[in-house]
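Reader: Hi! Could you walk me through this structure?
Author: Happy to, here it comes.
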Amino acid sequence: MAIFSVYVVNKAGGLIYQLDSYAPRAEAEKTFSYPLDLLLKLHDERVLVAFGQRDGIRVGHAVLAINGVDVNGKYTADGKEVLEYLGNPANYPVSIRFGRPRLTSNEKLMLASMFHSLFAIGSQLSPEQGSSGIEMLETDTFKLHCFQTLTGIKFVVLADPRQAGIDSLLRKIYEIYSDFALKNPFYSLEMPIRCELFDQNLKLALEVAEKAGTFGPGS
């Protein structure tokens with residue numbers, strides 16, 4: 001079981017905090033000789049497989065790492081341009097890790113705004129007045145859980161469908177937000193949360209939730 005990520009969305013629909021707490025298993029990592037028998041192309045600032053499928057590597061997969069060095073967009077973490085590096089025969093043999101493309105910061109901002117709108121639509125579609133909006137969305141691979149405070153702040157957790165105790169976790173995150181963001185004299189309401197104590201306590205809460213599945217009264 002796992003908790004994949006946490007989003008905090010302000011009442012205007014802006015993303016003010018996001019944490020990925022789970023790194024999905026790489027779908028394929030192989031060592032290649034020159035020439036590379038896959039066609040790679042740059043799309044949306046990512047290097048993706050455009051043609052050629054083998055050993056778990058699929059069209060649409062992104063290059064996630066080269067020789068153990070993470071890839072961020074079209075560059076490696078040490079500043080090498082991916083397509084240029086892989087086009088040089090002198091760099092082979094080379095180990096490449098492929099997997100599903102990671103969301104960019106802009107995509108996360110856009111998705112947070114879209115969910116904010118869906119939440120409002122869900123409330124308006126309700127046959128009863130005073131509906132809370134969307135509290136959970138379920139797929140075959142994850143569940144999205146949402147808790148909205150009285151002031152309109154939304155706490156969203158994406159977790160394994162089998163993960164227990166998410167309702168308690170959402171309220172724990174709200175408690176951490178109140179203690180370490182709102183009480184921080186340098187924090188401005190509705191603005192991005194950049195508080196080290198908030199980060200530390202949130203990560204600790206996620207670890208507890210993953211291990212125990214729920215929060216006890218003294219947590």
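Author: One term before we start: buried means under 20% relative accessible area, exposed over 50%, and partly exposed in between, with a 1.4 Å probe and protein chains only.
Reader: Good. What kind of model is it, and how are residues numbered?
Author: This is a predicted model, where local features need pLDDT of at least 70, side-chain atom pairs count only at pLDDT 80 or more, and totals for chains, interfaces and linings use all residues. Residues are numbered from 1 along each chain as its sequence is written, and side-chain values use heavy atoms, with hydrogens and water left out.
Reader: How many helices and strands does the protein have?
Author: There are 4 helices and 12 strands, taken as DSSP runs numbered from the N terminus (helices H or I, at least four residues; strands E, at least two).
Reader: And how much of the protein is buried?
Author: Buried residues are 39% of the 219 residues.
Reader: Let's go to helix α4. Which residues are buried there?
Author: Phe198, Leu202, Ala205, Leu206 and Ala209 are the buried residues of α4. Seen down the axis of α4, they fall within an arc of 100°, so they line one face of the helix. That arc is taken from the directions from the helix axis to the C-beta atoms.
Reader: What does the opposite face carry?
Author: The face of α4 turned away from its buried side has the exposed residues Glu196, Lys211 and Ala212.
Reader: What covers the buried residues of α4?
Author: The cover includes β1 (3-9), β2 (15-20) and α3 (166-182), with contact meaning heavy atoms within 4.5 Å.
Reader: Then α3: which of its residues are buried, and what covers them?
Author: Among the buried residues of α3 are Ile166, Leu169, Lys172 and Tyr177. Their cover includes β1, β11 (143-148), β12 (154-159) and α4.
Reader: New topic: where is Ser33, and is it buried or exposed?
Author: Ser33 sits in the loop between β3 (28-32) and β4 (39-43). Ser33 is exposed, at a relative accessible area of 53%.
Reader: How far apart are Ser33 and Ala62?
Author: Ser33 and Ala62 are 29 residues apart in sequence and 19 Å apart in space, C-alpha to C-alpha.
Reader: Last one: where is Met110, and how exposed is it?
Author: Met110 is in helix α2 (residues 105-125). Met110 is partly exposed, with a relative accessible area of 46%.
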